[in-house]
Amino acid sequence: MANRCGGEASGEQRVGSKKSETQERIKCEGDEWEESDEEKNYRMLLEDRKTLIACIAGSIVSYNAIRLLRAYYAAAHCDEWIPVGTIKHLWVHPIKSCKRKEVFSLFCDELGPRHGENRDREFIAIDGETGAMYSARNAPRLQLIEADVADGVLTVSTPDGVSARVVLSDVADRAVVRRATIFGDHCDGLDCGDDVARVFSEFLEISDVRLIYYRDDLFNGRPCVTEPGWWKNPVPKRSDTVESKWFRANIVVEHSLAWDEDRWAEMKMGDVVLQCYKPCTR
């Protein structure tokens, strides 16, 4: 028999040739291909190119997204600060409506300002029966009561020399919860005991005054939700003389125009930036 080249082929050669064709046919029919090294390298090269293209495309999209976000933020938040005044006082009020404490620094977090262990308005005096709060409106003598928290102890004193000490860890262990009503909303606090309650009741000349201690793990039904109309709130002007201390503020700024703070969206003091939540309706 002549082979494809025209020469003679032996029977052994013909059998070998038929066997090779049979093997190739079996491989094809069974889809059992064996990649060569060159095919593997080529396939891996294609996969690497796809991955590289995807990375480049993702980087371009991310870069443009970040660039647009930065441009939007820069337009919404101007980095140029305008001097409006200087800080004159920093005040903290451990007990709501009681005497303020002048401090040289304040730390601000989610619950408000604090100095050392004195957190602003962490305590409040309430009616023991109804839970209604007492303030300078209905109990003006509150403003004469001093308070200070140090080493986990609240010390309360009145102008006539009467004082009481409250160990806050004992208050937490007793865990006597009382519900207060604050401007129509409800808020829970831990009762601070009979000794300090007696000091408040006798000085204010009001029976059954209780002092409660707010903790962030207690119920607080006073959510504060922004309203667009707040920044258009008309501030009433007064013709009589008032002092800044009557407003029981935390940060007092001087050398600024009257009512100018109602237009401040943000304040920067040193490295601290505060967002103005709403104008003071007082």
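This is a predicted model: local features need pLDDT of at least 70, side-chain atom pairs count only at pLDDT 80 or more; totals for chains, interfaces and linings use all residues.
Colleague: What makes the group around Ile-56 a nonpolar surface patch?

Modeller: Leu-52, Ile-56 and Ile-60 make the patch, which covers about 290 Å². A patch residue needs over 30% relative accessible area. Ile-56 has 45%, so Ile-56 passes that cut-off.

Colleague: Why is Ile-56 called partly exposed?

Modeller: Exposed means over 50% and buried means under 20%. The value for Ile-56 is 45%, which lies in between, so the label is partly exposed. Ile-56 is placed in helix α2, residues 37-76. An α-helix has 3.6 residues a turn, so residues three or four places apart point the same way.

Colleague: What fraction of the protein chain counts as buried?

Modeller: Of its 282 residues, 27% count as buried.

Colleague: Why is Cys-192 called buried?

Modeller: Its relative accessible area is 5%. The cut-off for buried is under 20%, so Cys-192 is buried. Cys-192 sits in the loop that runs between β11 (185-191) and α4.

Colleague: Which residues does Cys-192 touch, not counting those up to four places away in sequence?

Modeller: They are Phe-123, Val-166, Val-171, Arg-174, Leu-211, Ile-212 and Tyr-213. To touch, heavy atoms must be within 4.5 Å. For one of these residues, Val-171, there is also a C-alpha separation from Cys-192 of 5.8 Å. The two residues are 21 places apart along the chain.

Colleague: How do you know that Ser-201 is buried?

Modeller: Ser-201 has a relative accessible area of 16%. That is under 20%, so Ser-201 counts as buried. Ser-201 belongs to helix α4. Leaving aside neighbours within four places in sequence, Ser-201 contacts Ile-206, Ser-207, Asp-208 and Val-209.

Colleague: Which other residues of α4 are buried, and what do they pack against?

Modeller: Besides Ser-201, the buried residues of α4 (194-204) are Val-196, Ala-197, Val-199, Phe-200, Phe-203 and Leu-204. The buried residues of this helix pack against four strands: β6 (123-127), β8 (153-157), β9 (163-167) and β12 (209-213).

Colleague: What follows α4?

Modeller: Glu-205 does, and its phi is positive, near 60°.

Colleague: How many helices and strands does the protein chain have?

Modeller: There are four helices and 15 strands.

Terms used: Residues are numbered from 1 along each chain as its sequence is written. Side-chain values use heavy atoms; hydrogens and water are left out. Buried means under 20% relative accessible area, exposed over 50%, partly exposed in between (1.4 Å probe, protein chains only). Helices (H or I, at least four residues) and strands (E, at least two) are DSSP runs, numbered from the N terminus. Patches are made of residues with over 30% relative accessible area and no salt bridge: like charges are joined within 9 Å, nonpolar side chains (Val, Leu, Ile, Met, Phe, Trp, Tyr) within 5 Å. Accessible areas come from the Shrake-Rupley method with a 1.4 Å probe; for residues, only the protein chains shown count as cover. A salt bridge is a side-chain nitrogen of Lys or Arg within 4 Å of a carboxyl oxygen of Asp or Glu.
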